[in-house]
Amino acid sequence: MDNRYYENVIKEMQPFMDEQGFKPMDNGFCNDKKAFNVAYDEARQMYILSVADIAEDGAVGEFKELNSWLFDDSQNAKDAVSVGIDFTGTLRKELGIKSVRKVDNNIDLPSASKGDSMDINGFAKKMLDVFPSLKDDYKAHIAEYGNFLYLNFFGKHLVPEFKNLFENGTKKQIKKLYDVLDDAYVKGDRDTVNVVVAVLCAAAYNSEKATTAIREMLAEDTHFLSSFNTFIPVFAKNKKLLNALIK
């Protein structure tokens with residue numbers, strides 16, 4: 001794969017770079033505190049963000065890898081924007097800059113699609129109905145990123161809710177969630193069904209208690225259960241999903 005999406009990554013990072021005074025340098029960018037570069041590692045099929053300190057005399061220290069994003073031939077320009085957003089967040093933390101996230105009540109919550117099918121936005125609406133405390137997190141997410149990076153949002157906010165429910169929730173609470181998930185599994189489009197299974201696998205990741213609770217929840221739904229069991233080992237080896245859904 002060539003590095004044709006590099007410019008898309010940098011373009012997404014550019015407003016932050018301008019804000020923090022980053023200028024081009026050999027092999028990257030720097031301001032008076034930090035230097036960084038973004039490179040595509042062909043062997044690993046990843047974009048790599050590396051950062052170095054700037055000494056008082058202006059000398060650039062040793063670059064250290066701080067973040068990486070799996071990017072193979074299945075990715076596109078939209079995915080490159082996500083890389084830029086994630087790398088910007090890493091640089092922000094590295095510089096000690098706290099992002100002020102104000103809830104904008106003018107931001108609409110996701111809505112269900114018309115008809116019998118369910119898309120990602122429809123699934124997100126259902127999840128916000130089940131976990132209403134996430135509504136402000138959703139609005140803050142849209143305010144920060146400008147669009148719905150659903151894997152990022154689900155990984156940061158929904159997976160922990162699932163894990164806590166499966167590890168500590170009552171059977172009644174789990175049954176309530178199952179009813180919604182089953183509806184999404186039956187009516188969801190391909191992306192939605194894949195996300196439902198992936199989020200369950202993320203909630204079960206490294207948790208025998210959650211895994212057992214999910215299998216008990218799906219015990220009478222053999223097709224759904226089979227999808228979950230089949231995807232568990234796939235999920236554990238999928239670096240893109242692990243990076244997105246395990247925070």
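In this predicted model, helices α3 and α5 are roughly parallel to each other. Their axes lie 12 Å apart and pack at an angle of about 30°; because angles under 35 degrees count as roughly parallel, the pair falls into that class. The crossing of α3 and α5 is left-handed. On the side of α3, the contact is formed by Ile120, Phe123, Ala124, Met127 and Leu128, and on the side of α5 by Tyr150, Phe153, Phe154, Leu158 and Phe162. This contact has 10 nonpolar residues, with no polar and no charged ones.

Helix α3, which spans residues 120–130, also packs with α6: the two axes come within 11 Å and cross at roughly 175°. The helices α3 and α6 are therefore roughly antiparallel to each other. Here α3 contributes Phe123, Lys126, Met127 and Val130, while α6 contributes Leu177, Val180, Leu181, Asp183 and Ala184. By class, the contact of α3 with α6 comprises 7 nonpolar, no polar and 2 charged residues.

A further pair is formed by α1 (residues 6–19) and α2 (residues 77–94), whose axes are 6 Å apart at an angle of about 30°. It follows that α1 and α2 are roughly parallel to each other. Their crossing is right-handed. From α1, the residues in contact are Asn8, Val9, Glu12, Met13, Phe16 and Glu19; those from α2 include Ala77, Ala80, Val81, Gly84, Phe87, Leu91 and Arg92. The residues of this contact divide into 10 nonpolar, 3 polar and 3 charged.

| Helix pair | Angle | Axis distance |
|---|---|---|
| α1 and α2 | about 30° | 6 Å |
| α3 and α6 | roughly 175° | within 11 Å |
| α3 and α5 | about 30° | 12 Å |

The second largest pocket also involves helices named above. About 340 Å³ of space lies in this pocket. Which helices each supply at least two residues of its lining? They are α5 (150–168), α6 (171–187) and α8 (208–217).

In total, 14 residues line the second largest pocket, and Lys171, Ile174, Ala213, Glu216 and Met217 lie nearest its centre. How many of the lining residues are charged? The lining holds 7 charged residues, together with 6 nonpolar and 1 polar. By contrast, the contact of α3 with α5 has no charged residues.

Technical notes: Residues are numbered from 1 along each chain as its sequence is written. This is a predicted model: local features need pLDDT of at least 70, side-chain atom pairs count only at pLDDT 80 or more; totals for chains, interfaces and linings use all residues. Side-chain values use heavy atoms; hydrogens and water are left out. On a 1 Å grid over the protein atoms alone, a cavity is a set of points where a 1.4 Å probe fits but cannot get out, and a pocket is an open set with protein on both sides within 12 Å along at least five of seven lines; lining residues have an atom within 4 Å of a point. Grid points are joined across faces, edges and corners, and a volume is the space filled by probe spheres set on the points. Helices (H or I, at least four residues) and strands (E, at least two) are DSSP runs, numbered from the N terminus. Ala, Val, Leu, Ile, Met, Phe, Trp, Tyr, Cys and Pro count as nonpolar, Asp, Glu, Lys and Arg as charged, and the others, Gly among them, as polar. Axes are lines fitted to C-alpha atoms, for helices over the stretch in contact, and angles run from 0 to 180 degrees between N-to-C directions. Angles under 35 degrees count as roughly parallel, over 145 as roughly antiparallel, 65 to 115 as roughly perpendicular and the rest as oblique. A crossing is left-handed if the near helix is turned anticlockwise from the far one by less than a right angle, and right-handed if clockwise. Contact means heavy atoms within 4.5 Å.
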